[in-house]
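Here is a short report on one protein model. Look at the structure first, then read on.

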Amino acid sequence: MKLWAGRFSKEADKKTNDFNSSIATDSRMYAQDIEGSIAHVTMLSAKGIIPEQDGAAIAAELAKIKNEIAEGSLLIDPNAEDIHTFIEQTLTERIGDAGKRLHTGRSRNDQVALDVRLYLRDECDAVTELIKKLIKALSEKGDEYADAIMPGYTHLQRAQPITFKAHLSAYTEMLTRDLGRVADAKKRMNSSPLGSGALAGTTYPIDRAMTASLLGFDSYTASTLDGVSDRDFCIELASALSIIMVHLSRLCEEIILWCSWEFKFVELDDAFSTGSSIMPQKKNPDIAELVRGKSGRVFGDLMTLLTVMKGLPLAYNKDMQEDKDAIFDAFDTVKICLDTLVPMISTMKAIPENMRKAAAGGFINATDCADYLVSKGLPFRDAYKATGELVALCIREGKTLETLSVDEYKQVCELFDGGVYEAIKLENCVKRRGM
């Protein structure tokens, strides 16, 4: 029986039931739903709104139901309208009329809003731990190859010499900002909507501060209308998750390039690569490619949430049932990407000799050559022009700045002497930049 069946004279059409049902999605919130119900009934009992013995019986049976679902001895009915209905009806079947008191002073509107916040609060913690693991894996990989010199790029053109460690540390900086965004969103979300009722609160003398405290919230929502209709926290978290995926996608794009024979800066472990059904020589970075592809999925989840919410009048509307599919999918996708990337990065091997060889080409020490002339008193723009002429000479002659003779240097600018070779040595270029 539906919780709202009293008003209706006949059963809903099966298609209506199927279309309206959210059990397939919200059943994952069973633990949070029960935690919220226990806090609610504890408050009702403490305030004398329901008999103390009924409150105790409800709380005890809810705890049993939670354990049974977790253990698998109680299966969630897929035909139930939602997880809230399933749990309440199971409770009432077991303890009788006392169970019917559970929903006193509460609506499914504030119940759903509460469950989602509780669930996403846990999801924030899970994503945070995975980001920290990826930061650790990147840091350790950088330390493992701390002395490896590689070209740094702009416009995908070799630009200046850097270290492999410095390159990876750019991603640890991005991920550190991601930690901050998730933490900020979680903090703003940590306000209890319980007690908002359907939209206008309740006439019962409930204690919203008590339930908020029991559930670990910092406060409760000031506006009851906003309490049931706010999904900013879903949008904000989806935005933070989308930015995480931007960073993961950029990292994976570079790993895909580095794995290619055109670069061959790194090699992925066989356990995190795949082959071809027809080309026996292939070793494909499919994990990195999938992460790159899944970024679009998370961006789509963000757009779904924005679109669902953009035209809704206050307070609750059924459109908001769509919030969970989107935000749950975004978290699921980010978590599986992070969880797979961590061991992929940890087992990845760098090939420093190939990085060094690439760094030796492309005249990436040209800026240092110009800076050498500046140290001799030449204005930078003149030093820039002289170095450009040297690069042009090297290209014509098939040489590098390291293989030019002192005489060839002096033909361009008399300020050059033998000290230029130390100035343009890649190791010194990197060292002077503090890398």
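Where do glutamate 129 and lysine 132 lie, and how many residues apart are they? Both are in helix H6, three residues apart, about one turn of the helix.

## About the model

This is a predicted model: local features need pLDDT of at least 70, side-chain atom pairs count only at pLDDT 80 or more, and totals for chains, interfaces and linings use all residues. Residues are numbered from 1 along each chain as its sequence is written, and side-chain values use heavy atoms, leaving out hydrogens and water.

Helices (H or I, at least four residues) and strands (E, at least two) are DSSP runs, numbered from the N terminus.

## Salt bridges

A salt bridge is a side-chain nitrogen of Lys or Arg within 4 Å of a carboxyl oxygen of Asp or Glu. By this rule the count is 30. Glutamate 129 and lysine 132 form one, with their closest N and O atoms 3.9 Å apart.

Another salt bridge joins lysine 335 to glutamate 123, at 3.0 Å between the closest N and O atoms. Lysine 335 sits in helix H12 (residues 322–347) and glutamate 123 in helix H6 (residues 108–144), so the pair ties together parts 212 residues apart in sequence.

## Buried or partly exposed

Buried means under 20% relative accessible area, exposed over 50%, and partly exposed in between (1.4 Å probe, protein chains only). Glutamate 123 has 8% relative accessibility, so it counts as buried. Glutamate 129, at 42%, counts as partly exposed. Lysine 132, at 43%, counts as partly exposed too.

Proline 285 is buried, at 11%. This residue lies in the loop between strand E5 (266–267) and helix H11 (286–309).
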